[in-house]
Amino acid sequence: MPETMSEPTAAALARLERCYSAGACDWSRIYRPRREMRNFASRYHLVYPALAYFVELKRDPSQAERLRPQLDAIYHGLLEPRCWTYWHTELDEQTWPLQERNLTYAGRLASFIGFYIDAFGEPPADRIEIDGRSTTYTDLSRSLWMQMSDSPSCGVSCYHHQSMVMCNAHMLINNMLHDRLFGTDFAAANAAWLTTVEDHLLCGEDSGPLFYYGTEPDKPSPLVEKRALGADIWALFLMSGVVPDRVSGWFERWQRNIVREGEHAFVRVAAWEAEQEFSSNELATAWAFCLAKELGQPDRARRLRRFLAPRVAAGFELDPYITGLFLLGERLEPGAFHRLVNGAGRTS
């Protein structure tokens, strides 16, 4: 262990390695949600810890031999029925899980594969094979882009034809990734979704959540009852990889929701968010920690870290998801996630 690695960082790293290092995901160590369609779902315990590895690989490619087997295990875990059968069993959808909509799964799987190709120069497998059918990363990305381009909301929907800010942040990311890797022009569609966000989904209120996080079915107008701090901070971090300057301005407005207690700071989500497996104080705080690190706000990041770090040794109930976000925050330097998405440079 390097001398410069803190005890919480070492504990986080070791916990993740135990989850993914045996050639396959160790599901006994991974939180099992009550419902896979919700926000504590198994797919999030794989995709988001992987971001910590991809950020590390971008900084230090020599780590490839150590990290690639873990990323391979994560990829195979994402293809297991546990991660996608909710489309049939919980939502009663009859289509193939990668055929249409279902951005919550398809968009995150696409982003993961795009980051993997960026890191290693090839996908984890030639074809994505689930539920008796297969596709390629490029065909999946093109399908999602076409759905986005044809959508009345200018975004891809998840459930019930509603487009979510958090999930379409992955759409923005993957469009940019695919363009950079394969010379396409998918990201030209991003501006229309961002216009939907700014014109229809910003709440415009002086307190509470910043966004209406979902649209009405097949419309850009908001479902006004869909507001949540957990959705806000999740979406803000992901969008920082695409439009960091806009996110920085939004985060300054949103920081009113960060509770300070002495030298600690945390996000207190609504009680229903924890009850309905939507978010939790620890999860929302971990996302805020990552965003503060990405935007170069060391004082804010330090306070948020002080809330999380003492909990890392014992682990979080929602693990490895939150441990993975903590490690991502530890790995981030200002602009690192943006560079992971874009390669270099900065867009507003």
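Buried residues are those under 20% relative accessible area, and exposed residues those over 50%, with partly exposed residues in between. The views below are drawn from a predicted model.

**Figure 1. A salt bridge between aspartate 319 and arginine 15.** The closest N and O atoms of aspartate 319 and arginine 15 are 3.9 Å apart, and the pair forms a salt bridge. Distant parts of the chain are linked by this pair: arginine 15 belongs to helix 1 (residues 7-20), whereas aspartate 319 sits in the loop between helix 13 (298-312) and helix 14 (321-331), 304 residues apart. Aspartate 319 has a relative accessible area of 8% and is therefore buried, because the class takes in values under 20%. Arginine 15, at 13% relative accessibility, is likewise counted as buried.

**Figure 2. A salt bridge between glutamate 198 and arginine 246.** In this view, glutamate 198 forms a salt bridge with arginine 246, with a separation of 3.2 Å between the closest N and O atoms. Because glutamate 198 is in helix 8 (residues 190-201) and arginine 246 in helix 10 (residues 244-254), the pair ties together parts that are 48 residues apart in sequence. Glutamate 198 is partly exposed, its relative accessible area being 32%. Arginine 246 also counts as partly exposed, at 29% relative accessibility.

Figure 3. The side chains of glutamate 330 and arginine 305 meet in a salt bridge, with an N to O distance of 2.8 Å. Glutamate 330 lies in helix 14 and arginine 305 in helix 13, so parts that are 25 residues apart in sequence are tied together by the pair. Arginine 305 has a relative accessible area of 23% and is partly exposed. A search of the whole structure finds 23 salt bridges.

**Figure 4. The largest pocket and its lining.** The largest pocket holds about 360 Å³ of space. Its lining comprises 20 residues, of which Met37, Asn39, Tyr159, Tyr213 and Phe278 are the closest to the pocket centre. Classified by residue type, the lining of the largest pocket contains eleven nonpolar, five polar and four charged residues.

Key. Residues numbered from 1 in each chain as written. Predicted model: local features only at pLDDT ≥ 70, side-chain atom pairs only at ≥ 80, totals over all residues. Heavy atoms only, no water. Salt bridge = Lys/Arg side-chain N within 4 Å of Asp/Glu carboxyl O. Helix = DSSP H or I, 4+ residues; strand = E, 2+ residues; numbered from the N terminus. Buried < 20%, exposed > 50% of the residue type's maximum accessible area, 1.4 Å probe, protein only. 1 Å grid on protein atoms, 1.4 Å probe; cavity = no way out; pocket = protein on both sides within 12 Å on 5 of 7 lines; lining within 4 Å. Points joined across faces, edges and corners; volume = space filled by probe spheres on them. Nonpolar A, V, L, I, M, F, W, Y, C, P; charged D, E, K, R; others polar.
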